[in-house]
Amino acid sequence: MSEQFDLVVIGGGSAARDAANKAARLHGARVALVERERWGGSCPNVACQPTKAYLVAAELAHDVNKLAPKIGIDAGPATADLARVRAWKETLKKPQDEWVSDLMDQGFAAYTGEASFVDGHRLRVGELELEAERILIATGSRTAVPPIEGIEEVGWIDHISALDLTEVPESLLIVGAGAVGLEFGQIFSRFGSKVTIVDGLERISPNSDAEASAVLAAALQEEGIEIATSVFVKSARRDDDGIVATIAPRDGSAENEVRAAQIMLASGRVPNIEGLNLDAVGVETTKAGIAVDDRMRTSVPGIWAAGDVNAIAQFTPVAQYQARIAVADMFGADGPAADYSVLPTTIFTDPELAGVGLTEEQARGQGHDVEVVRNEHVKRFSFIDARHGLFKIVFEHKSRRVLGLHVVSRNGADIVQGFSLGLRLGATVDDLAAMHHVFPTFGEGVKAAAERAPAPVEAAS
């Protein structure tokens, strides 16, 4: 049996749904979506949304236990009943059959199954064959398993299975100090686990500004989270007391052992491309994902790839953005090429680490004549007993144009997201210093930092 469409999207997540909606709404396209595992994709089911729900629960427990007694509120001690937290999290999710019915109500064809390429315009899904002039691959990614001797024998959890635990582990070793590892590290630490985070790179959150990373590391360590960088997990084994991991420093110095009840993998992602039969049609891939150009075109005409599967920037808003870029291109709308130069990102720890634009290191590396101003405290911090914060502006000396903004603070994501428009429009550090602000807020830290910028040379002479 064969069905014809204007566009077939392989995947049912954020990129897939945005592409389908835009193709149908703007171009009148007949669209089919094929999802093999999880309608709605990772974000609403097992990633960003449920993870942030757990962060809310963990922050509440922390504030009840640490902040409330200091401000005269008797409410503790707060303990995490993980089974109930999990049950609450499940109520926030849309059921799988509802995802499918909603898509069909919008006029899309929705097929549950695994798609594989027959040729550049045909896909096989079970006994069905789907044909289209345009095919978008939006199959996402999954947890990478690092080469740790014995890891499969001892068993491991990741962000998906961690959200299904019903008991808080006594101790937890997290492999990877990026967003996933740091967020889950703080979640389980605040729930009561003894947490150790290890990473092979020199610092946590290596893509963030180095100074901002250091401020966040200090905040997490003050809470009792152990962080070890420039090390890797060499092997893991089980004994009567749990998991024993051998930790090896990158510099070849003495190894040591860490004991934990559970080991969580959070050190990278791999693309979901197995089973697509990409070799049969000649779609070029790399170790990271499907190779695409700045309009999401793959090496094969008529096939595009968007979202985590191309590994350019694995964030839900980027997946949606790339889907819109791809649809504009495939229907000849002469849309813009993808631009990631002003991309706000956040690690949703407490405090949050948020940034947009260039880090100080990147700006200097690109040859800019860089100046930096910073502020480390706002009055609002006093109300929540926050000891670690940063509002850092990287700007170009002559033009005064802001190149990057980096914030470590509660609500850091909201601060950076708002200011990202200023970066896109070419705001200067003087523009930020001259703006009106609301007091007392976390966001006023940006203005306070900007006010510390030295006067322009012309004005000083």
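**Notes on the predicted model**

1. D158 lies in the loop between α6 (151-154) and α7 (159-162), where helices (H or I, at least four residues) and strands (E, at least two) are DSSP runs numbered from the N terminus. This is a predicted model, in which local features need pLDDT of at least 70 and side-chain atom pairs count only at pLDDT 80 or more, while totals for chains, interfaces and linings use all residues. Residues are numbered from 1 along each chain as its sequence is written, and side-chain values use heavy atoms, with hydrogens and water left out.

2. D158 is buried, meaning under 20% relative accessible area, with exposed over 50% and partly exposed in between (1.4 Å probe, protein chains only).

3. Leaving aside neighbours within four places in sequence, D158 is in contact with T143, M264 and L265, contact being heavy atoms within 4.5 Å.

4. Helix α3 (residues 48-67) has 20 residues and should span 28 Å at 1.5 Å a residue, which agrees with the 26 Å between its end C-alpha atoms; the expected span is 1.5 Å times one less than the number of residues. Its buried residues, including Y54, L55, H62 and D63, pack against α2 (42-46), α4 (82-91), α8 (179-191) and α13 (379-384).

5. Strand β4 (residues 115-119) is joined to β5 by four bridges and runs antiparallel to it; two strands pair if DSSP finds at least two bridges between them. The two strands form a hairpin with two residues between them, and D119 stands opposite R122 in β5.

6. In the hairpin of β5 and β6, which has two residues between the strands, G126 takes a positive phi near 65°.

7. A separate point concerns an open sheet of three strands, ordered β11-β12-β13 with antiparallel pairing. Its edge strands, β11 (231-239) and β13 (256-260), each pair on one side only. Five bridges join β12 (residues 242-249) to β13, and A245 stands opposite V258 in β13.

Terms used
Lys, Arg positive; Asp, Glu negative; His and termini not counted. Salt bridge = Lys/Arg side-chain N within 4 Å of Asp/Glu carboxyl O.
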